[in-house]
Each structure stands twice: as C-alpha cells, then as structure tokens.
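Subject: Structure handover

Hello,

Here is the structure I promised to pass on. Please open it first, then read the notes below.

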Amino acid sequence: MAALISVCDFMQQVQEDLSSPTTSTFTSHMGHCKATANSLEETLDADRAVLQKMRKAAKAEHSCGQDLINHLAAHIAAQEKFSANYQLEGEEQLANAFSTFAAFSQELLTAVRSLVGSSVPCVTIEQGPWLAGVCGWGGSPGRVSGP
C-alpha cells in the first residue's frame with residue numbers, strides 16, 4: 001500500500017505542478033493521493049456506520065422512554081382512582097397513602113419527561129446530507145469521485 005500524503009504535501013505538489021508543469025513530479029505521487037482518498041473513504045464509511053448505530057440506539061431509547069412515560073401516567077391514574085375509591089369507602093389512611101404515592105409518581109414522571117425530552121436532539125443527524133456537506137464531494141454522500 002502506498003504511503004498517505006498530507007494536505008501540506010499535496011498542496012506543495014500542486015503548486016510545483018502549476019508553477020512548472022514540464023518538470024512536475026505530480027504524476028509520480030498519484031499513488032499516494034489515491035491511497036489517501038481511499039483511506040479517507042474507508043474512514044468515512046466506518047464513521048457513517050457508527051453514526052447510524054448511534055441514531056438507531058437513540059431512537060430506541062426515545063421509544064422506550066415514551067413507553068415508560070405512558071406506563072407511569074397510567075399507573076398514576078390508577079393510584080388516583082384507588083385513592084378516590086378508598087376516600088368514598090371511608091378508608092382515609094389508604095386514600096392518603098395512594099394519594100401520596102400518586103404525587104410521588106407524578107414527580108418521577110416529570111423528571112422522566114424532562115430526561116426523555118432532552119435526549120432526543122442529541123443524535124438526530126441525517127448522515128447522508130451531513131457527510132456530503134462536510135466532505136464537499138459529488139456523487140453519493142461520503143464517496144470520493146475518482147478520475
């Protein structure tokens with residue numbers, strides 16, 4: 001495998017090629033340039049795969065969080081119903097216990113909603129357009145267009 005070329009070396013080769021095209025050695029360094037481009041492409045492919053996995057994981061976490069919120073809300077409604085039923089039956093201690101537990105669960109629900117709501121925008125990047133914009137390459141996102 002050919003050695004990779006740095007940006008500074010590439011720019012120096014281009015400047016030499018432009019200033020003296022007849023004595024340029026730019027073509028002899030094409031292997032290094034292609035190796036660098038291929039290495040960058042492989043790295044971008046690996047990064048894209050990791051970003052896609054992170055995005056799927058974030059969506060799954062958000063979905064589980066929404067399910068938890070729904071279950072907690074249903075649990076709170078049931079606790080409040082138990083409290084009201086025991087209040088009607090004259091069981092003040094049980095009514096107060098369920099009411100207190102419902103209030104505690106409501107505080108927990110508020111915290112969970114805040115946590116789930118703040119975690120959504122962390123990993124919601126559309127990889128294709130983002131990588132194409134970062135790389136500035138034509139063709140499919142993240143692909144180096146060869147000569």
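A salt bridge here is a side-chain nitrogen of Lys or Arg within 4 Å of a carboxyl oxygen of Asp or Glu. By that rule the structure holds 1 salt bridge. R48 pairs with D45, and their closest N and O atoms are 2.8 Å apart.

Two notes on the source. This is a predicted model, in which local features need pLDDT of at least 70, side-chain atom pairs count only at pLDDT 80 or more, and totals for chains, interfaces and linings use all residues. Residues are numbered from 1 along each chain as its sequence is written, and side-chain values use heavy atoms, with hydrogens and water left out.

Back to the pair. Both R48 and D45 sit in helix α2, 3 residues apart, about one turn of the helix. Helices are DSSP runs (H or I, at least four residues), numbered from the N terminus. An α-helix has 3.6 residues a turn, so residues three or four places apart point the same way. Side chains of opposite charge can pair when their charged atoms come close.

Next, accessibility. Buried means under 20% relative accessible area, exposed over 50%, and partly exposed in between (1.4 Å probe, protein chains only). R48 is buried, because its relative accessible area is 14%. D45 is at 26%, so D45 counts as partly exposed.

Now helix α2 itself. It has 60 residues and reaches 88 Å from its first C-alpha to its last. That is close to the 88 Å expected at 1.5 Å a residue, where the expected span is 1.5 Å times one less than the number of residues. G90 follows α2, and its phi is positive, near 85°. A78 lies in α2, which covers residues 30-89. A78 is partly exposed, at 35% relative accessibility. The C-alpha atoms of A78 and A102 are separated by 8.6 Å, though the two are 24 residues apart along the chain.

How many disulfides are there? A search of the whole structure finds 0. A disulfide would need a pair of cysteine sulfur atoms within 2.5 Å. C33 is buried at 14% relative accessibility, while C64 is exposed at 52%.

Last, confidence. pLDDT is the predictor's confidence in each residue, from 0 to 100. The chain has a mean pLDDT of 81, and 79% of its residues reach 70 or more. Over residues 134-147 the pLDDT is below 50. Beyond near neighbours in sequence, that stretch has 22 contacts in the model (heavy atoms within 4.5 Å).

Best wishes

Technical notes: Helices (H or I, at least four residues) and strands (E, at least two) are DSSP runs, numbered from the N terminus.
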